Amino acid sequence: LLLVTECRGILDNNQRFSSLPTYLRVSYRVFSAETSFFLKEANQDFMRNSSLQSRVESFFPYKAKRPPILNASYGPFSVEQVVPQDLMLTSSFFGSANKFTYNWKLKAYIMSDKIYLSKPKVQVLFYIVGRDWDDYSTTERLPCLRVFAFRETREVRGSCRLKGDLGLCVAELELLPSWFNPPTVVTGRKKPPDQFEGSPVELYYTIQPGDEKGECTAEDIRKGNAIRPGKDGMDEAMSHLQRIGSVSLYRGQETSQLTELRLDSNIVVWLPSKPVKQGEVVNVYVTVANNSTVDQFILRAKVKKGVNILSAKTSDPRQWDVKQEVGNGGKHSTTTVICQRIAPSSRNRSNSLFNEVVQMNFEIASFSSLSGTQPITWQVEYPRKGTTDITLSEIFICQKDLVGIVPLAMDMEILNTAILTGKTVAVPIKVVSIEENSAVTDISESVECKSSDEDVIKVSDRCDYVFVNGKEMKGKVNALVNFTYQYLSAPLQITVWVPRLPLQIDISDTELSQIKGWRVPVVSNKRPTRDSDDEDEDERKGRGCTLQYQHAMVRVLTQFVAEDSSPWGQLSYLLGSDWQFDITDLVMDFMKLEDPHIAKLQEGRILIGREVGMTTMQVLSPLSDSILAEKTVTVLDDKVTITDLGVQLVAGLSLFLQPSAASSRAIVATTIAQELLHTPKQEAVVSTWIQFSDSSVTPLDIYDSKDFSLSAVSLDEAVVSIHQNSALKWPVVAAEGEGQGTLIKVDMMISEACQKSKRKSVLAVGNGNIKVKFGQNDADSDTGGDYDADEIENHASDRRHKVSDQERYGQDGRYYGSSSAEREEGTIRKVSTTAKSVIKNKVIKNNRLDGGKLSDDSQLQNIPIDFTNFPAQVDLPKGNAGMEENDLVQTPRGLSDLEIGMYALLGVFCLAILVFLINCATFALKYRHK
């Protein structure tokens, strides 16, 4: 009975902090990543972080060229872990590249989606997105690609190998002539395709490693059904078919494409849009609008040297009479064509918008460069009506048979952090041309470009990169930048993510008060704040000191969003709408308080009250006077007291990584403090939180260490000893002999400069639990059972006291939580998490504290968590009778809102039962005679 009573008392004390948002104050940092963010998931922070023994944090490596490294540190302890590739969902398709391929994605472009019988060849360009164009090796072995075209039950294959600094290749497929025939079998009620619609053919690809020489093998590596992916597995995943798209097959000849050149409201000239070669004859068609009443006009054309003017022939001799005059000059040649209508117009019988009048022929005799243009100027004259303005047209001349151009971006996404930092974010661009023989040429220096919306994304004058500079208004999914080369044009699609405004300022406590009894030295430029009458005497005794104000933790959060391509412009979220990104480091230089006399911001993350009043914390735009975020902060005139001191002993750190159940791209890191000392003289430090009478909790280490001091006392010198470390200025616990329990008492006192007498002014007292067992570490303590990542997270997020080993552990050595919610959370997480990766780490040795005593180099296989860490009630020595009344060693804790509500509900139930019994008694007395 005595044992149960003692455990019940400790449990109640533990629960005071287990229901509060406390956590182990480890610092997380991500190395070897160009861009990464720590995250806040909606409604998850409180559930995960409510233990002094652990800290759970989600993070997102956005861009990384090497495997990122997560570091967790507290005091002299540090542990780090390389993030495994299975957690980052790195594609295994590029395994032969011997590179870290986290941001790599394969992009495919079909060069022409209309295939004619005269040219039955399909060309598909592949290239790697996210690969650094400057960081490649000529010996790098990129994989091969095999392309398949399917028509009914037949297939055609082609292949190519990715290579070069751009990591691209072009695959060719020669289609069979029989494929251009109508389908032999029409399924269901589907009508045979019209000759103008074309017959569809589906295109797929697979990725396969090359042979020893890096060449693509000819063997068919596909397994099972060619279209339907099979079961999971590395080998079969390599052979799964990925859909590229479809092309349409046409039996007819490819029609020549003409470009319209309107000279005025009556006359329209049609010129070829494709380039011509030397010696070819260019046909130009002159037409009159069908609704035109013009009966006579004179057309003049002027060409430069290198273009010969040939004949001009009437297209309809029954309607028009045509005469041509040619004049040759030194640098120019001119032709004049006189057109006279000789018959009434037949426009009423024609369905066309234009009637062809004359066909003019020009010969390309020579040109000065391999690729260029030849201009032709046009002018129309009407008798007795004057002439029109001169109109210029261009004929493209090229010795190459170009199929198309493709703009390539090093990355298909831009994270517009320029709005937050003022620093431009750019993505390099290359534009290549593809010829009919699949030759690829870099034409980046010769293209023109234009952004479809400069409020989303901009493009450089030389068209060599797209960028955002912070002046953009919105983000967009698949924003378009158009590139043009001669007669060819192609769009580049790129997604732009922007921070959602206004930003969110998250402050742990927006109402700061003075802390009763905690005096700190007055800064030279700060006058003592006004105190109440009962503090006047204290202030006179501690001259040069004033009461400490509460501190709060600050971070700035946002979501990265982009409008989709729908007409309504609905928002898409990076990672999802439940995730917020911690961007404090990006905006730290632009955070300020409107009135710095009332409160100040320290290092962008700690808010400190200075004077009674109200002010606003703001995040300013680095490029304008606009305010990106603001939040009101109040410094109150009332005072709070410290009601509790939470103590956690840290003998080492253990780091665990696992995938997030809510997002496949987020990673959850859990750091747990080791409480077990397993070697003689092994040392541990103290982590503390303080709770105030206004129910707020704050880690003690956000306060300046000069403003307080901590002293610790061992309640059993045979088990642990205490000494003060000058470097850390915190008490250090050393193992002396085996034992366990609440053996550490920690006193928090005001600074020496503000002590009013020889008796120390103690603000709070806390107790720490510790276990010393030589030859045994946290990994094999108690039962040595094995634990998965779900159990680790659940244990860390729900602090419960261990009543007995039999209650906590079953026969199989697994942990069984005392709470049903804990078990349910574990079950849900096991179902929703498909890929588990639990990383167990050892504590890094550190020589900062007494030659590395604060270290544990043992491999932590499994860590049962002991939740008897805060603060155990013990019978303290009654030597504090001499303390002053205002020093507030312990203040009785008032009822919480939940307890008040429960007691009120219990009272209502009791009253209802009483009324019911009275009614029953009255009824029985009244109708007893019946």
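Where is the place of Pro-502? Pro-502 sits in the loop between strand 33 (488-499) and strand 34 (504-507), and a cis peptide bond with omega of about -5° joins Leu-501 to Pro-502.

Hi everyone, a word on the ground rules. This is a predicted model, where local features need pLDDT of at least 70, side-chain atom pairs count only at pLDDT 80 or more, and totals for chains, interfaces and linings use all residues. Residues are numbered from 1 along each chain as its sequence is written, and side-chain values use heavy atoms, with hydrogens and water left out. When I say helix or strand, I mean DSSP runs numbered from the N terminus: H or I with at least four residues for helices, E with at least two for strands.

Let's stay with the backbone. Most residues other than glycine have a negative phi, and most peptide bonds are trans. Cys-463 has a positive phi, near 60°, and is found in the loop between strand 30 (458-459) and strand 31 (465-468). Asn-478 also has a positive phi, near 55°, but belongs to strand 32 (residues 476-485). On accessibility, buried means under 20% relative accessible area, exposed over 50%, and partly exposed in between, with a 1.4 Å probe and protein chains only. Cys-463 is at 3%, so this residue counts as buried, while Asn-478 is partly exposed at 37%.

Now to the sheets. Two strands pair if DSSP finds at least two bridges between them. Five strands make an open sheet of mixed pairing, in the order 7-13-12-9-10. Strand 7 (114-116) and strand 10 (154-161) are its edges, each pairing on one side only. Within the sheet, strand 12 (residues 199-208) and strand 13 (residues 242-250) run antiparallel and are joined by seven bridges; Tyr-205 stands opposite Gln-242 of strand 13.

Elsewhere, strand 25 (residues 402-409) has seven of its eight residues buried, so it is largely enclosed by the rest of the structure. Strand 25 pairs with strand 27 (residues 425-435) in the antiparallel sense, over seven bridges, and Val-406 has Val-432 in strand 27 as its bridge partner.

The rule is a side-chain nitrogen of Lys or Arg within 4 Å of a carboxyl oxygen of Asp or Glu, and the count comes to 21. Take Lys-119 and Glu-436, whose side chains meet at 2.9 Å, N to O. What does this pair tie together? Lys-119 is in the loop between strand 7 and strand 8 (121-129) and Glu-436 in the loop between strand 27 and strand 28 (440-442), so the pair ties together parts that are 317 residues apart in sequence. Lys-119 is partly exposed at 42%, and Glu-436 is partly exposed at 29%.

Are Asp-747 and Lys-745 buried or exposed? Both are buried, and their side chains form a salt bridge at 3.1 Å, N to O. Salt bridges with shared partners also join Asp-582, Asp-585 and Arg-605 into one network.

Ser-654 is buried, with a relative accessible area of 1%. Its side chain makes a polar contact with that of Gln-674 at 3.3 Å. Such a contact is a pair of N or O atoms within 3.5 Å; within protein, one must be able to donate a hydrogen and the other to accept it, and residues adjacent in sequence count only if both atoms are side-chain atoms.

Thanks, everyone!
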